[in-house]
Amino acid sequence: MPRVTQAHLDARRQQILDAARARFASHGFARTSMTDLVEASGLSTGAIYRYFKGKDEIVAAICEQSNQALPTELTAESAHDFLEHVRTMAREEDHARLVAQIYAEAAVSPPLADLVRRQLAELRAAVAGLLPGREPAEADRIAEAFVTLCGGYSQQLAVRGDLDPAPFVTALVAIIES
């Protein structure tokens, strides 16, 4: 019998994560069963359990895959481009709704909350790193506000649908330039 390649195993794992990402965004974490994930992925129950012990591990893996498309500098144009990226991800991949579901689950799951807190700390540190010449405490304050406002924009997209980022860009620029 031929051996299964690592590429095949990785593709199956990604297939599960993609199906879960879409299902969690559209139905929520609590309203998604493992049976739903079997159906959405097109794989067997055994195949899913080969990779993950349960939904908690799946949502953690989704979080671990997240990547931020942060700008390389903080300007009005780069803030606009960043929020347009967030908007595009919300429109095309239902990302804002997925993030809302992850935050809701993190509110009641200490292990997921730890993961989300770590990722937010890394994001704040990355934003602070884009503020050369600022005192560390000031850079941290700006980064905190920047990340919070961007998160708020994402939450608004999840609830209100497609939303012009212009007022949020204006607020981000005010924060950056303060």
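Which residues touch the most other members in the largest nonpolar core? That was my starting point, and I kept in mind that this is a predicted model.

**Overall look.** I went through the elements from the N terminus and got α-α-α-α-α-α-α-α-α. That makes nine helices and zero strands in the protein chain. I then boxed the C-alpha atoms along the principal axes and got roughly 60 × 30 × 30 Å.

**Back to my question.** The largest nonpolar core has 29 residues, and L74, L83, F146, Y153 and L157 are the ones touching the most other members. The top giver is α8, with nine residues.

**A closer look at F146.** I skipped its neighbours within four places in sequence and listed what else F146 is in contact with. The list reads L70, L74, F82, V127, L172, I175 and I176.

**Another core.** I also found a second, separate core, this one of 26 residues. Among its members are V38, Y51, A106 and A113.

I looked at contacts in the chain with a separation of 6 or more, and 65% of them join residues 24 or more positions apart. As for burial, 41% of the 178 residues count as buried.

**Surface and charge.** The accessible surface comes to about 10,000 Å², and carbon and sulfur atoms hold 54% of that. Last, I looked up the charges: there are 18 positive and 24 negative ones, and their mean positions lie 8 Å apart.

Definitions and conventions:
Residues are numbered from 1 along each chain as its sequence is written. This is a predicted model: local features need pLDDT of at least 70, side-chain atom pairs count only at pLDDT 80 or more; totals for chains, interfaces and linings use all residues. Side-chain values use heavy atoms; hydrogens and water are left out. Helices (H or I, at least four residues) and strands (E, at least two) are DSSP runs, numbered from the N terminus. Buried means under 20% relative accessible area, exposed over 50%, partly exposed in between (1.4 Å probe, protein chains only). Contact means heavy atoms within 4.5 Å. Accessible areas come from the Shrake-Rupley method with a 1.4 Å probe; for residues, only the protein chains shown count as cover. Lys and Arg count as positive and Asp and Glu as negative; His and the chain ends are not counted. The place of a charge is taken as NZ of Lys, CZ of Arg, CG of Asp or CD of Glu. A nonpolar core is a set of buried Ala, Val, Leu, Ile, Met, Phe, Trp, Tyr and Cys residues joined through side-chain atoms within 4.5 Å.
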